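Visitor: Hi there, could you walk me through this protein? I'd like to go through it piece by piece.

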Amino acid sequence: MDSTDPKKGGGFFSSIAASISNFGSAMSKSVNGLIGYEGLEVVNPEGGTEDAEDEARKGRWKQEDRDSYWKIMQKYVGSDVTSMVTLPVLIFEPMSMLQKMAELMEYSYLLDLADECEDPYMRLMYATTWFISVYYALQRTWKPFNPILGETYEMVNHGSITFISEQVSHHPPISAGHAENEHFIYDITSKVKTKFLGNSVDVYPIGRSRVTLKRDGVVLDLVPPPTKVNNLIFGRTWVDSPGEMVLTNLTTGDKVVLYFQPCGWFGAGRYEVDGYVYDAAEEPKILMTGKWNESMSYQPCDSEGEPLPGTELKEAWRVAKAPENDRFQYTHFAHKLNSFDTAPNKLLESDSRLRPDRSALESGDLSQAGFEKSRLEERQRAEKRSRESKGHQFTPKWFDPTSEVTPTPWGDLEIYCYNGKYTEHRAAIDSSDGVKETDVSSKEFNPWQYEISSPE
């Protein structure tokens, strides 16, 4: 038995994994009979091949918008489109990618529990569940805004956490983030690689996510599965993340290997996650099972992965109730991320909440959102020209580039390290006797390092 593969052997999940794999992936069908769209694959996550043509008629695009979009995008099939094209705001949500990074903090109490655990395997179970919890938010099919170079996002007033993220590079797009409370430190350098396939896009998470649990100083490292966004043009857009998630305790060698099941015929296997917590000798200690959009449970197991006699499956986490009929499928926590209730006193002018395109989209004004998005992007290009004409390089404020390059399954990543200056910045503000800001929303978004007149 390969103990680190939850899909093999005689363990608890083997029969489930075998039956799911027999289904294959969700059924797809080429869009036929529509001139100019031949060969595009439509995938119905809830049906079979006979449902694909009906599925193709659904989705958020109007005919004229779809035609215009495809004329722009068809030449990019097979390419990485992370920052190559300008996309229409009708597919966006009123949130920046830097805010999206902060959504992982919603269930941060799971990391608090991990830090308090005496049992090293339960510690890994809670930490892994925390990483899984964000997938409920990642299933939203709206695209967040690409951050402007120098843009930041700050968050306080949640779980005693201080969170800061910053866009540290534009080409390639790289974001860095740091979060901390009395129990843990979280650091991430994030770069995304994509492959555009016409009616779908593969998303490869070229990033490094690490958690340090403060009580014992253990360091946990995550390798997440890739993601596929289906039905970009035809059909209802939906997200799947089939593959392995591996969380490794770099201090002890213990690890978790979970398998995200692919969506099969009529939705079989969709959302399901199964796997084990292993010790350093690769012997299973705890089985984990659940659905990433609902809940995760765990149970102690023997060396063959079978539940121990006298134990029972216990729930570790359940997704919080979300608002009904929300336009962007936001959770209550996602709304808080856009709110100034989670903003610190004297919010940085570079904060994502202050983006005028984000604000316009949130209020439902797509025309103004599109105008503001174009204006910000042109300002960013103008600043780049000015910077390069002076022979200068962009310098992040809160994160420093390092010489470390980390390999990932999908490419190498240049690591940025939190420099501690934001902690000093906040401490200085919090210790001052200054007057608390009363109308933060009136601040003008300003991530710029050069004074350039904005285009009218």
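Guide: Happy to! A definition to begin with: two strands pair if DSSP finds at least two bridges between them. Helices (H or I, at least four residues) and strands (E, at least two) are DSSP runs, numbered from the N terminus. The model is predicted, so local features need pLDDT of at least 70 and side-chain atom pairs count only at pLDDT 80 or more, while totals for chains, interfaces and linings use all residues. Residues are numbered from 1 along each chain as its sequence is written, and side-chain values use heavy atoms, with hydrogens and water left out.

Visitor: Thanks! What do β5 and β6 form, and how many residues sit between them?

Guide: They form a hairpin, with six residues between the two strands. In the turn, Asn 157 has a positive phi of about 65°. β5 (residues 152-155) and β6 (residues 162-169) run antiparallel and are joined by four bridges.

Visitor: Which residue in β6 is the bridge partner of Met 155?

Guide: That's Phe 163.

Visitor: And are the faces of β5 covered or open?

Guide: Both faces are covered. Thr 152 and Glu 154 on one side, and Tyr 153 and Met 155 on the other, are all buried. Buried means under 20% relative accessible area, exposed over 50%, and partly exposed in between (1.4 Å probe, protein chains only).

Visitor: Zooming out, how many helices and strands does the protein have?

Guide: Eleven helices and 20 strands. Of the 456 residues, 53% are buried.

Visitor: Changing topic: is Asp 221 buried or exposed?

Guide: Buried, because its relative accessible area is 14%. Asp 221 lies in strand β10 (residues 218-223).

Visitor: What does the side chain of Asp 221 make a polar contact with?

Guide: The side chain of Arg 210, at 3.0 Å. A polar contact is a pair of N or O atoms within 3.5 Å; within protein, one must be able to donate a hydrogen and the other to accept it, and residues adjacent in sequence count only if both atoms are side-chain atoms.

Visitor: Where is Arg 140?

Guide: In the loop between α7 (135-138) and β4 (143-145). Arg 140 counts as buried because its relative accessible area is 5%. Its side chain and that of Glu 103 are joined by a polar contact of 2.7 Å. Leaving aside neighbours within four places in sequence, the residues in contact with Arg 140 include Glu 93, Val 239 and Tyr 330. Contact here means heavy atoms within 4.5 Å.

Visitor: On to α10. How far apart are its end C-alpha atoms?

Guide: They are 35 Å apart, which agrees with the 34 Å that the 24 residues of α10 (residues 366-389) should span at 1.5 Å a residue. The expected span is 1.5 Å times one less than the number of residues.

Visitor: What covers the buried residues of α10?

Guide: The cover includes β3 (92-96), β4 and α9 (356-362). Among the buried residues of α10 are Ala 369, Leu 376 and Arg 387. After the helix comes Gly 391, with a positive phi near 75°.
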